[in-house]
Amino acid sequence: MAAQLPPYIHKDVLDPLLKANEIAKQRGKEITVISATRSMERQQALWDTALKKYGNETEARKFVSMPSCRSPHLTGRAVDLCLKNSPTCEKISGAFADLKDPDVQLLQDIMRQAGWKRYCKEWWHFEYGLDLPSRCSP
């Protein structure tokens with residue numbers, strides 16, 4: 001992974017994340033963790049920003065989880081990531097969902113091989129050891 005250590009993640013997620021990075025290295029790439037575990041305060045701030053931006057809970061929920069103990073980022077089992085130095089790293093937002101981008105497809109394949117599942121609406125959000133609705137095999 002990128003030179004700096006990833007933010008806190010659940011201990012059961014570290015080995016699968018390292019496995020994903022090894023697969024990436026075999027393909028001449030490296031994984032960069034953008035976000036992992038969040039505090040309730042950070043999740044609340046993201047939620048408040050989304051509510052202001054989208055105007056209502058229904059729209060905001062399309063882009064941000066409501067703060068709760070069940071929010072995947074609060075469990076330490078969710079990571080937002082991209083391939084290091086990929087232009088897609090600058091496009092981690094709800095507005096960019098180009099699943100046909102070669103770097104996005106490669107990331108999906110790497111994470112699938114390492115046993116991760118993707119939140120269907122976000123190409124960059126992966127979870128390990130959670131079996132929740134709205135999850136896709138990458």
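In which helix is Gln-43 found? Select helix H2, residues 40-54, and Gln-43 is there; helices are DSSP runs of H or I with at least four residues, numbered from the N terminus. The model is predicted, with local features needing pLDDT of at least 70 and side-chain atom pairs pLDDT 80 or more, while totals for chains, interfaces and linings use all residues. Residues are numbered from 1 along each chain as its sequence is written, and side-chain values use heavy atoms, without hydrogens and water.

Gln-43 is buried, at 1% relative accessibility (buried: under 20% relative accessible area; exposed: over 50%; 1.4 Å probe, protein chains only). Show its contacts (heavy atoms within 4.5 Å): beyond four places in sequence, they include Arg-38, Val-64, Pro-67 and His-73.

Next, select Cys-69, in the loop between helix H3 (57-60) and helix H4 (72-75). Cys-69 is exposed, with a relative accessible area of 69%. Leaving aside neighbours within four places, Cys-69 contacts Met-40 and Thr-75. Met-40 lies 29 residues from Cys-69 along the chain, with 8.1 Å between their C-alpha atoms.

Finally, go to Asp-103 in helix H5, residues 102-113. Asp-103 is buried and has no salt bridge (a side-chain nitrogen of Lys or Arg within 4 Å of a carboxyl oxygen of Asp or Glu). Lys-29, the nearest side chain of opposite charge, is 4.1 Å away (Lys and Arg count as positive, Asp and Glu as negative; His and the chain ends are not counted). Among the residues that Asp-103 touches, not counting those up to four places away, are Lys-29, Leu-83 and Pro-87.

Definitions and conventions:
Helix = DSSP H or I, 4+ residues; strand = E, 2+ residues; numbered from the N terminus.
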